[in-house]
Amino acid sequence: MRGVQVVGDLAYVGTSSNGLKILNVSNPSHPTVICPSSGPETVCDVEIVGDVAYVATWDKGLVILDISNPFNPTEIGRYDDGGNTLDVEVIGDVAYVADYSDGLEIINISDSTYPTELGQYHDGGDAKGVSVVGNLAYVAEFPGGLEIIQLWEETGNSNTSAVPEATVTSWFGLSLVLFGLFSLKVIRLRKMRKKRKGRKVKSL
Ligand SMILES: [Ca+2]
Ligand SMILES: [Ca+2]
Ligand SMILES: [Ca+2]
């Protein structure tokens, strides 16, 4: 099993070679399988938004499933330009994907049937996990450690140079470990323009 999300009475569970398995877990003592497989993919992560499942499928990219009928999920879109999709986070019309040797990919999912790449950042290493908070993407990367990628510039009086200091402060107890083991970088990625290039603004 790889990745799981529960919504209401249903659990969406990733499998190693059968896509998503969907179970009714309304009785947690007796979960019942209502869909054993959505396809042949290896699922690394899944995020459910309404009637849509965004599935990170290792070597098959980001797969988008219509799950309005959980007994029979159907693929409605897919984005795969190489890499290995390990983790996905969806915020609004954008999917942020940790795509291993392709780094961070940012995918426009406003049209689920035709996902398109908005941007990508990769400066080496393998992206294995991603979490987005505000305009920052936190990427777990092997072997570099944590990379913090600025997705767009703040307006007004915000100071981008304050970002790494604030971040390290929040992990005060781990800061020495972070400095010793990880390469902590802050990268500016120009806002949501097609094929925009990222630019590193600070390294620690
Ligand atoms: Ca790409
Ligand atoms: Ca890719
Ligand atoms: Ca990197």
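The largest nonpolar core of this protein has 38 residues, and those with the most contacts inside it are Leu 20, Val 55, Leu 62, Ala 95, Val 97 and Leu 104. A nonpolar core here is a set of buried Ala, Val, Leu, Ile, Met, Phe, Trp, Tyr and Cys residues joined through C-beta atoms within 7 Å. A residue is buried if 20 or more other C-beta atoms lie within 10 Å of its own, exposed if 12 or fewer, and partly exposed in between, with C-beta atoms placed from the backbone. In soluble globular proteins, nonpolar side chains tend to be buried together.

Before we go on, a word about the model. It is a predicted one, in which local features need pLDDT of at least 70 and side-chain atom pairs count only at pLDDT 80 or more, while totals for chains, interfaces and linings use all residues. Residues are numbered from 1 along each chain as its sequence is written, and chains are lettered from A and ligands numbered from 1 in the order in which they are written.

**The overall picture**

The protein has 204 residues, of which 32% count as buried. You will find 2 helices and 17 strands in it; helices (H or I, at least four residues) and strands (E, at least two) are DSSP runs, numbered from the N terminus. Two residues are in contact if their C-beta atoms, placed from the backbone, lie within 7 Å. Of the contacts between residues at least 6 apart in sequence, 40% join residues at least 24 apart.

Leaving out residues up to four places away in sequence, Val 97 touches Ala 56, Leu 62, Thr 85, Val 88, Glu 105, Ile 107 and Val 130.

**Two open sheets**

Strands pair if DSSP finds at least two bridges between them. One open sheet has 4 strands in the order S1-S2-S3-S4, with antiparallel pairing. Its edge strands are S1 (4–7) and S4 (32–35), each pairing on one side only. From one strand to the next, the twist averages 30 degrees; axes are lines fitted to C-alpha atoms, for helices over the stretch in contact, and angles run from 0 to 180 degrees between N-to-C directions.

**Strand pairs**

| Strands | Bridges | Facing residues |
|---|---|---|
| S2 (10–14) and S3 (20–24) | 5 bridges | Tyr 12 and Ile 22 |
| S6 (52–56) and S7 (62–66) | 5 bridges | Val 52 and Asp 66 |
| S7 and S8 (74–79) | 5 bridges | Ile 64 and Gly 77 |
| S11 (104–108) and S12 | 5 bridges | Leu 104 and Tyr 121 |

In strand S7, 4 of the 5 residues are buried, so S7 is largely enclosed by the rest of the structure. The hairpin of S6 and S7 has 5 residues between the strands, and Trp 58 there takes a positive phi near 55 degrees.

**A buried glutamate**

Glu 41 lies in the loop between S4 and S5 (45–49). Why is Glu 41 called buried? Glu 41 counts as buried because 25 other C-beta atoms lie within 10 Å. Setting aside residues up to four places away in sequence, Glu 41 touches Gly 19, Val 55, Thr 57, Lys 60 and Val 63. Glu 41 and Ala 56 are 15 residues apart in sequence and 9.1 Å apart in space, C-alpha to C-alpha.
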